[in-house]
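I opened this notebook to record what I looked up on pockets, nonpolar packing and aromatic pairs. The entries follow in the order of the look-ups.

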Amino acid sequence: MNQDNFNLLLIFFIGTNIGSFINLISKRISINESIINPGSYCDNCHIALKWYQKIPIISQVALYKCNNCNYIIPFSYSFVETLLGIAFVVNIKIQNNFLNSDHFIDFFAKSFFVSILLLISLIDIDKFRIPNELIIIGYVSGILISIISTKEGGEYLLINKVIFSVIIFLVLELLSRVYYKLRHKIPFGSGDSKLISVLTLWLGLKSLPIIFFLSTYLIILYLIYCLLTFKFKYKLVKLPFAPFICLSSYIVI
């Protein structure tokens, strides 16, 4: 194996490990449990996992069920780990320097960004909400990467990003409230408005039309899939909007 392939494998492995941690965080946040203590345990019998049961992807392939209660480990865990590992490899391979002119900083920023987006998506899928803590982390980190990426004399650009992100949030919240008054239905949650505000800070105002466009088509494709597989046969399905926004945002970068 040459050095380049070894480096890509290492980056993939790092991504899968972070994906494993994201699985843990999303699960713990959903049940209001600390992400630090207790350590990883079986979802069914709550027996603490041994070190060889915590290796991303490999543990599920080799030990597809709990040794204590025979509970089959959900495939979604390995899927998330693999997905983030692939995203990390894509981030290092595609050198468009979207977030920073320095390739290493750009890779780090993209990888952090996609990790936050994935965590937000998992929680929204599970609980139909976006924790304010993640919004704050996304907002603060967006300001930091903007400061790092802002060239000399471009401070006004950062100020504009912050101002526009606040305006976007207020406009979306206003539209949501007006829609509720007219139709007595909420078109999207305040968490979605906050998320789009964070994306404005990270990606800029010009990226929003593309994100909305892509999100709409991704939702249409998903609805077509649901209709073809009869997922709407018995009841209307409430859709989490954040995963479609997050995927569209990653496609943009």
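**Pocket, core and rings**

I began with the largest pocket: 34 residues line it, and L83, L118, S121, L122 and I125 lie nearest its centre. A pocket here is an open set of points on a 1 Å grid over the protein atoms alone, where a 1.4 Å probe fits, with protein on both sides within 12 Å along at least five of seven lines; lining residues have an atom within 4 Å of a point. I note that this is a predicted model, in which local features need pLDDT of at least 70 and side-chain atom pairs count only at pLDDT 80 or more, while totals for chains, interfaces and linings use all residues. Residues are numbered from 1 along each chain as its sequence is written, and side-chain values use heavy atoms, with hydrogens and water left out.

I looked up the volume of the largest pocket and found about 1,000 Å³, taken as the space filled by probe spheres set on the points, which are joined across faces, edges and corners. Its lining divides into 26 nonpolar, 5 polar and 3 charged residues. Helix α3 gives the largest share of this lining, 9 residues; helices are DSSP runs (H or I, at least four residues) numbered from the N terminus.

Beyond its neighbours within four places in sequence, I120 is in contact (heavy atoms within 4.5 Å) with I130, L134, L195, A242 and C246.

Last, I checked the aromatic pairs, for which ring centres of Phe, Tyr and Trp (its six-membered ring) lie within 6.5 Å; planes under 30 degrees apart are stacked, over 60 edge-to-face and the rest tilted. The count comes to 6 aromatic pairs. F75 is exposed at 62% relative accessible area, and F79 is partly exposed at 46%; the classes are buried under 20%, exposed over 50% and partly exposed in between (1.4 Å probe, protein chains only). For F88 and F107 the centres are 6.2 Å apart and the planes at 85 degrees, so that pair is edge-to-face. Both F88 and F107 are buried.

Notes: Helices (H or I, at least four residues) and strands (E, at least two) are DSSP runs, numbered from the N terminus. Ala, Val, Leu, Ile, Met, Phe, Trp, Tyr, Cys and Pro count as nonpolar, Asp, Glu, Lys and Arg as charged, and the others, Gly among them, as polar.
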